[in-house]
Amino acid sequence: GETLLDIDLVSGKLQANLKKITLYGSTDTGKLNVDGAARMPALTGAFSASGLDGLALLKDFAGTSRFVGKLATTLNLSASGRSQREMVSTLAGTAQFSLTDGTIRGIDMAGMVKGVQNAVLGGWEKTDNAGTEFSSLSAGFQIADGIGTNNDLNLTGPLVRVTGTGTVDLLRKRLNFKVTPSAASGPGGEFAGLAVPVIVKGRWASP
């Protein structure tokens, strides 16, 4: 959509002030500096956005259609290299993500917790009709060498709550998380803990 950029390019060095970027249903801001004159090209950038179409964005950038909701993100990143692959492998910085009023497609976490005995023995049952509704899903990452480490994953929904920690390997597009879900039970909607943590790992498009 409508975009306003203020760009200076001098002697192979680019400074871009992203005053207004309209994409995925949201208007966002950011800054990007690229040093193409250095022996090893490098970039630094900061980006802030809210109200993004999470499904469309994650489908395009991460190859996954599991997450539906409004996405907010704040990124502060740096990288160096002569190719996209090299830059991803040196990526460093911080990233914060928050999804609201959404659904995780293909996995019914509340049903899994309630049927814990069968779930632990047979794994998560993935079906096209299953899903986990949530009011908020948030995670912050410290990124070094293209690997993001998270210690504060938190999902809150009407039927399930989930906390977790793990890593995301951006170069190999793989994740490895340990999460602890609890499901609402009883007339008061209390949440009961699950004794056995759940390990989620593999390629992020189909863990």
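Below is a short chat about the predicted model shown above.

Reader: What's the average pLDDT here?
Author: The protein averages 87, and 86% of the residues score at least 70; pLDDT is the predictor's confidence in each residue, from 0 to 100. Because this is a predicted model, local features need pLDDT of at least 70 and side-chain atom pairs count only at 80 or more, while totals for chains, interfaces and linings use all residues. Residues are numbered from 1 along each chain as its sequence is written, and side-chain values use heavy atoms, with hydrogens and water left out.

Reader: Which element has the lowest mean pLDDT?
Author: Helix H4 (residues 116-122), at 56, whereas strand S8 (residues 147-156) has the highest, 96. Helices (H or I, at least four residues) and strands (E, at least two) are DSSP runs, numbered from the N terminus. Where pLDDT is low, the predicted coordinates should not be read in detail.

Reader: OK, new topic. How do S3 and S4 run?
Author: Antiparallel: 7 bridges join strand S3 (residues 26-35) to strand S4 (residues 42-53). Pairing takes at least two DSSP bridges between two strands. The two form a hairpin with 6 residues between them, and threonine 29 stands opposite serine 48 in S4.

Reader: And which residue is threonine 44's bridge partner in S5?
Author: Serine 78. S4 and S5 (residues 67-80) are paired antiparallel over 10 bridges.

Reader: What does valine 179 touch?
Author: Apart from neighbours within four places in sequence, valine 179 is in contact with residues including Leu153, Val162 and Pro197; contact means heavy atoms within 4.5 Å.
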